[in-house]
Amino acid sequence: MSGHGPLNVFDIAGRAMSAQLVRLNATASNMANAGNVTGSAAEAYRAIKPVFQSVTDSPGVSTIKVQNVVTTNAQPTKRHDPNHPLADKNGDVWEAAVDSSAELVDMIETARMYQNNVQVLNTAKSLMMETIRIGK
């Protein structure tokens, strides 16, 4: 893994937080493109999602990494709007393949997971400080 010895709680939580930031960035990209239209299905934006991979450093010590960011197979929605400047010869435009409701749920879940890892770091820090205080 890191090549610097076994992972500690700070490494594990930090990697989890980094993975959640990638997830949040993907969600932000999807939300930014929701509702965008193009003149063809091929050009329409499709939502992106990170693919996570569990990484086991040693028995009982596991973390996560982002293996890849992939484009979903969701299909854009065709809408008849002949007055739209991007409409094709049939008067159709294609709306980005993004489910805004699902993206909002994903964003809330991501924020909670990130906050949970911040809490892990704060708890570990408090325990270490208390141990140092007792040792004095």
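User: What percentage of the 136 residues of the chain count as buried?

Analyst: This is a predicted model, in which local features need pLDDT of at least 70, side-chain atom pairs count only at pLDDT 80 or more, and totals for chains, interfaces and linings use all residues. Residues are numbered from 1 along each chain as its sequence is written, and side-chain values use heavy atoms, with hydrogens and water left out. Buried means under 20% relative accessible area, exposed over 50% and partly exposed in between, with a 1.4 Å probe and protein chains only. On that basis, the buried share of the 136 residues is 24%.

User: What radius of gyration does the chain have, against that of a compact globule of 136 residues?

Analyst: The radius is taken over C-alpha atoms, and the globule rule is 2.2 Å times the number of residues to the power 0.38. Along the principal axes, the C-alpha atoms fill a box of roughly 80 × 25 × 20 Å. A compact globule of 136 residues would come near 14 Å, but the chain has 22 Å.

User: Which pattern does the chain follow along the sequence?

Analyst: Helices (H or I, at least four residues) and strands (E, at least two) are DSSP runs, numbered from the N terminus. The chain holds 2 helices and 5 strands. Read along the sequence, their pattern is α-β-β-β-β-β-α.

User: Why is α1 described as roughly antiparallel to α2?

Analyst: Axes are lines fitted to C-alpha atoms, for helices over the stretch in contact, and angles run from 0 to 180 degrees between N-to-C directions. The axes of α1 (residues 9–33) and α2 (residues 100–135) come within 9 Å and cross at roughly 160°. Angles under 35 degrees count as roughly parallel, over 145 as roughly antiparallel, 65 to 115 as roughly perpendicular and the rest as oblique. The crossing angle therefore makes α1, relative to α2, roughly antiparallel.

User: Which residue in β5 stands opposite Arg79?

Analyst: Strand β4 (residues 77–80) runs antiparallel to β5, joined by 4 bridges. The β5 residue opposite Arg79 is Val93.

User: Is Arg112 buried or exposed?

Analyst: Arg112 lies in helix α2. Its C-alpha atom is separated by 39 Å from that of His80, 32 residues apart along the chain. With a relative accessible area of 54%, Arg112 is exposed.

Note on methods
Two strands pair if DSSP finds at least two bridges between them.
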